[in-house]
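Trainee: I would like to learn how to read a model feature by feature. Where do we begin?
Mentor: Take a look at the whole first.

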Amino acid sequence: MTDHVTDDSSPLAVVILAAGLGTRMKSDVPKVLHEVCGRPMLSYVIDAALTLAPEQLVVVTGPDQDAVGEILPSGCERAVQAERRGTGDAVRAGLELLVGFDGDVLVLMGDAPLVDGAFVSALVTAHRAAASRATVAAATLDEPGHYGRVVRGPDGSVRRIVEARDASPEELMLTEVNTGSYVFDAALLRALLPRLRPDNTQGELYLTDVVRLAIDDGVAVAAPVVDDAEAMLAVNSRVELAAVNAVMRRRLLERLMLAGVTVEDPGTTYVDWGVEVGRDTVVLAGTHLLGRTTVGAACEIGPGAYLSNAFIGDRARVVRSHLLDCAIGSGCSVGPFAYIRPDTVLSEGARAGAFVEIKNSRVGEGSKVPHLSYVGDAVVGRDTNIGAGNITANYDGVDKHPTTIGDGVRTGSDTTFVAPVTVGDGAYTAAGSVITQDVPAGALGVARARQQNVPGYAERRAARRLRGRLPADERDGRR
Ligand code: UD1
Ligand code: CA
């Protein structure tokens, strides 16, 4: 990470603050690990920082937050803030890993996942263009809420940042806020951090007070107002988590639409970060595309499709179905109301129809499981038709067993395959059969009781009833 994307010669390091307890989340999970569009919020901030190719990237975590350490990519160092004494103390902990570093330090908040490459690059550029030693990104919000307020003097220059909790009623009226993203000259930061005092309502060492200390020392602080105020939105409660998710989701959907995907109703369509959808695919209302889902070109997905870690080929159709960890080939048709469970592969042109559940199975090219069936731990060949209501009885209460069905097989309705069992190529099974033995290729497997008809039954029954030997309410079918 030594290449610079800016042509400025000053080296850049990044410190991301992520050690906070996130008390307002009321959670046992560290706040920065809460997910935005299926991904820990901290990962987005790290990605934004990495676009700048910094010399060093440090994430400040708590001593009890190994789980945060585990999601850090290589090249990203973990600093530990021993005690949570505030954002100023967190930066101090981060600087401990920047021994001998002399350059610009970009400070980002780990709970503000909407910052992206454009945002951080504009901030660093503004800092360098102003030849500033301290720059804080400001934003104007209609509802400034709990964000720190940027207090400016009569000449428009920044005087200080005041936290909402410590602000006077007049200061609270200010709509210009601190985004929580800063660039500092490393030497200035090292000089000022030890002078922070916990003289505020929270008794914390506020990073924001560095601004006042710098100005007291005659160092001007730049506070450019960012264009994209939405990018600063931070997550402090689950209400804000939902709001930030909504923004990220909208951004991801817009990216898909601009890449040629039709999204019928963005308001009810949920996509996770990293989901890919091909050109001319139509995503209908009420659809979830989650995890590492990839959808090919010219597909129709939805309405009401739920796909998690699903791979879908081109020209496939998935209607009102639930798909997990599976691969659906090109031209396949799934649903309505299909449940495709992990490790299922539908080969090209295959079909899984209404009220069909398939688990850990491979269905060959062009084969169909059209109605009301359960296929588990099975391998089905190509161009085979599974009749309505077929069941692979794959579980004997202790172990799971495989069912193998060949190519070009036609199974009768309501066939049960008691696994392990094999049906050869081109074979048939008779409707209602319980197949417990292998069916050789080309054979018909019949495994059901032979039908017996009782002639004249209805007449004899009526006669018995007349003689009073049958209670009038006795059911049909008893002899
Ligand atoms: C902070 C700013 C506020 C700004 C807002 C932008 C301060 C004092 N206030 O407020 O002006 O408008 O961010 O989102 O800086 N953290 C640590 N160690 C700590 C405390 C916090 O690492 O001891 C981390 C948190 O994990 C979090 C970030 O610092 O990622 C910000 O902390 P938080 O408590 O959320 O600050 P805010 O009150 O939101
Ligand atoms: Ca915050």
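Trainee: In which loop is Pro 420 found?
Mentor: Pro 420 is found in the loop between strand S33 (416-418) and strand S34 (421-423). Helices (H or I, at least four residues) and strands (E, at least two) are DSSP runs, numbered from the N terminus.

Trainee: What should I know about the source of the coordinates?
Mentor: This is a predicted model: local features need pLDDT of at least 70, side-chain atom pairs count only at pLDDT 80 or more, and totals for chains, interfaces and linings use all residues. Residues are numbered from 1 along each chain as its sequence is written, chains are lettered from A and ligands numbered from 1 in the order in which they are written, and side-chain values use heavy atoms, with hydrogens and water left out.

Trainee: Which residue is joined to Pro 420 by a cis peptide bond?
Mentor: Ala 419 is, and omega is about 5°. A cis peptide bond also runs from Gly 335 to Pro 336, with omega near 0°. Pro 336 sits in the loop between strand S21 (333-334) and strand S22 (338-340).

Trainee: Now phi. Which value does Lys 26 have?
Mentor: Its phi is positive, about 50°, although Lys 26 is not a glycine. Lys 26 belongs to the loop between strand S1 (12-17) and strand S2 (35-36). Phe 355 is another non-glycine residue with positive phi, near 55°. Its loop runs between strand S24 (351-354) and strand S25 (356-359).

Trainee: Is Lys 26 buried or exposed?
Mentor: Start with the cut-offs. Buried means under 20% relative accessible area, exposed over 50%, partly exposed in between (1.4 Å probe, protein chains only). Lys 26 has 71% relative accessibility, so it counts as exposed. Phe 355 is exposed too, at 52%. Glu 254, in helix H8, has 36% and therefore counts as partly exposed.

Trainee: How many residues of helix H1 are buried?
Mentor: In helix H1 (residues 41-50), 8 of the 10 residues are buried, so the helix is largely enclosed by the rest of the structure. Among them are Met 41, Leu 42, Tyr 44 and Ile 46.

Trainee: Let us turn to the metal. Which residues coordinate the calcium ion?
Mentor: Donors are N, O and S atoms within 2.8 Å of the metal (3.2 Å for Na, K and Ca); water is not among the atoms, so sites may look incomplete. Here the calcium ion (ligand 2) is coordinated by Asp 111 (OD) and Asn 236 (OD1), at 2.3 to 2.5 Å.

Trainee: Why does that pair tie together separate parts of the sequence?
Mentor: Asp 111 lies in the loop between strand S6 (104-109) and helix H4 (117-129), and Asn 236 in the loop between helix H7 (209-216) and helix H8 (238-258), so the pair ties together parts that are 125 residues apart in sequence. Both Asp 111 and Asn 236 are buried. Pro 113 also lies in the loop between S6 and H4. Pro 113 is buried, at 2% relative accessible area. Its C-alpha atom is 8.0 Å from that of Val 36, 77 residues apart along the chain.

Trainee: How many residues surround ligand 1?
Mentor: A residue is near a molecule if one of its heavy atoms lies within 4 Å of it. For ligand 1 there are 24 surrounding residues, and the closest are Gly 20, Gln 81, Thr 87, Glu 163 and Asn 178. Helix H3 (87-95) and strand S10 (176-185) each supply at least two residues of the shell.
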